[in-house]
Each structure stands twice: as C-alpha cells, then as structure tokens.
Amino acid sequence: MEINGRTRTCGLFGNPVEHTMSPAIHHFLAEKTGQNLAYLPWCVPQGALPDAVKGALAMDFLGVNVTVPYKNDVIPLLSEVDELAARIGAVNTLVRVGSGFKGYNTDMPGLYRAMRSDGVTFEGEKFLILGAGGAARAVAMMLAEKSVKEIRILNRSFSKAADVAGEINGYLGRELVLPMELSAWRELPAGERFTVIQATNVGMYPKVEDAVIEEPGFYEKVKIGYDLIYNPMETKFMKLVRQSGGEAFHGFKMLLYQGILAFELWTGEKISEELAGLTYAHLLQEMKK
Ligand code: NAP
C-alpha cells in the first residue's frame, strides 16, 4: 500500500478497537480494486465521540465505521440516517454527504448476504433468536422483512425479548415475533426443527467452554445454528449443533460482508462474489497470525 497526497482516509471509531479485523478487509479490497485508501482504527475515549465525528469531517475522511459502544450514540451526530439504520436504531457506517455524514447499518444486510452465501433459506422458515440485545434486535428486524414464517426470541431477561417482539410486531402490524424466556425452550413445539441465530455474548473468547443453552435436548430442535460470534471460529454452541446433526456457521462472514457493504458505499465499487471469496480467504490467513 502506497500512501501519498491523494490517499483517502477511512477508519473505525470504537472502544476497544485493538482486535479489529476491519483494516485487513479494507486494505485488501482497496488493493484489489485500485483504490487509494487507508483505514485506521481509532479508540475513542468515553465522551469524545462528538469531537471524533467533527474531527473526521474537518479532516475530510471518506468514511467511518462505528462499533461498540457507539452504534446508537452516533445517531444524533449525523446529518442524515438511512431508513433501515433508523428502523434498526443502530449505525455502523458513516458516509460523507456534503457537509455531514449519513449513517447506514451494514451489519444486518451483511448478515443476510453471509447467510445466503452459506445456503441458509428464509422464506417460509421458522427462526429462533437467542438473545435480545442490540444484535438480536437487528436480526429480528432483518428476518421480519424476509417472509419468514415465524420468529421466536428467547432471552434470559424475558422483558427485553418482549420489548423487541412488541416493537417489531407493532411495525409489521401483525404477531410474527413471539418472546420467550430462555429456559422455556422445552415448550417449543415437539418434532419441529428451527434455524437458530445465536446472538448472545456467551461462548466468546476467552469463555469458549460456555454455551447459552447446554442441554442436548435443545439441539435436537436445531436444523441450522448460526452463531454471530467469530472468535473462536467454532463455538461450543456450534459444536452442540453439529453433535445433534445440524449445520453450524460462525459470524466471520457477517463481519466480512458488513465491511464489503461499507467499502461499496464509500468508493462506489461493486465487489463481486469472487473478490468477496478472495477477501474471506485473506481474512482467514490474517486470523491465524
Ligand atoms: P448486547 O446488546 O450486550 O446483548 C447481549 C445479549 O446476551 C443479551 O440478550 C443478554 O441477555 C445475553 N447474555 C449475556 N450474557 C448472558 C448469559 N450469561 N446467559 C444468557 N444470556 C446472556 O450485545 P450485542 O451487541 O447484541 O452482541 C451480541 C453478540 O453478537 C456478541 O457476541 C457480538 O460479538 C455478536 N456480534 C457479531 C457481529 C459480527 O459481525 N459477526 C456483529 C454484531 C454483534 P440479557 O438481556 O438477559 O442480559
């Protein structure tokens, strides 16, 4: 990568940012598409987000990714918010428009593209979401728009599952989403198998021996298990799914595609599936370092 007077700057605002894989995604894509672009991670201290956004504008950044804990806090600092991001209530990508930034959410379309590329089908399928935090809420919103047959949200705190379900059902004007307590999985209809999206923090490095539901009986109900976690690349949840004969996937492709979508927004380049595959292989190599 050559940095010169025409290099455009992109970056990541979050805290912490030390373990991000995003520079590897964007520098690989920039090299392959001939874009003169540098991507840097910025650890933004608590309370400094407004200054960071102003600074990025003043220094003519091409675009910014935003990660935990700022995906909601950044919204009032933007000049425009894309309709999907507004509905999800979380922004992870800022694109320069005139004198301000427009906020997008590429996490959810990224997850959709990742699941499609892994062969997951949506129309008429029954989904379970484990968790009711920011990611689970966005997943539920994404599924609600994909003609799925049913969505159940299972969460340790029932009230949060009920809030997310109420909000999405209100938006849809029908009862598609059913909230349940996590421990109520035994009440799931007998003989049915679901596509399950694991959207809790449980099982993330370093607590790799944990799964949000441990009982083997639950996994007999899982046709496909999609864990949003990608560190480790095989979570305990995924192992339990496979042991019961289901297919299991990790969240690394979601990370890849949210980056690809951000890159497309910033540069106007369309990334082919072939280049997406090469980028994925490159990231896997980088992960091993
Ligand atoms: P969050 O808002 O903090 O929500 C965490 C969820 O996990 C809540 O539903 C919480 O339940 C549940 N939970 C936490 N500890 C638990 C435990 N010991 N037992 C049962 N449930 C527990 O987090 P988030 O932003 O939604 O992120 C969730 C996961 O998605 C993380 O692992 C994150 O890495 C992953 N993610 C991946 C990508 C990607 O690109 N692959 C992108 C975004 C997020 P309560 O409500 O009961 O507390």
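I began with strands E3 (residues 63–66) and E5 (residues 93–97), which run antiparallel and are joined by three bridges. Strands are DSSP runs of E with at least two residues, helices are runs of H or I with at least four, and both are numbered from the N terminus; two strands pair if DSSP finds at least two bridges between them. Gly-63 sits opposite Val-95 in E5.

A note on the source: this is a predicted model, where local features need pLDDT of at least 70, side-chain atom pairs count only at pLDDT 80 or more, and totals for chains, interfaces and linings use all residues. Residues are numbered from 1 along each chain as its sequence is written, and side-chain values use heavy atoms, with hydrogens and water left out.

Next I traced the open sheet of six strands, E2-E1-E3-E5-E6-E4, and found mixed pairing. Its edge strands are E2 (37–43) and E4 (80–81), each pairing on one side only. Helix H1 (residues 22–33) packs on this sheet and touches E2 and E3 (contact means heavy atoms within 4.5 Å). The direction of H1 makes about 170° with that of E2; axes are lines fitted to C-alpha atoms, for helices over the stretch in contact, and angles run from 0 to 180 degrees between N-to-C directions.

Then I turned to another open sheet of six strands, ordered E9-E8-E7-E10-E11-E12, with parallel pairing. Strands E9 (177–181) and E12 (247–249) each have a single partner strand, so one side of each is left without a neighbour in the sheet.

Last, I checked E7 (residues 126–130) and E10 (residues 194–198), which pair in the parallel sense over four bridges. Leu-128 faces Val-196 in E10.
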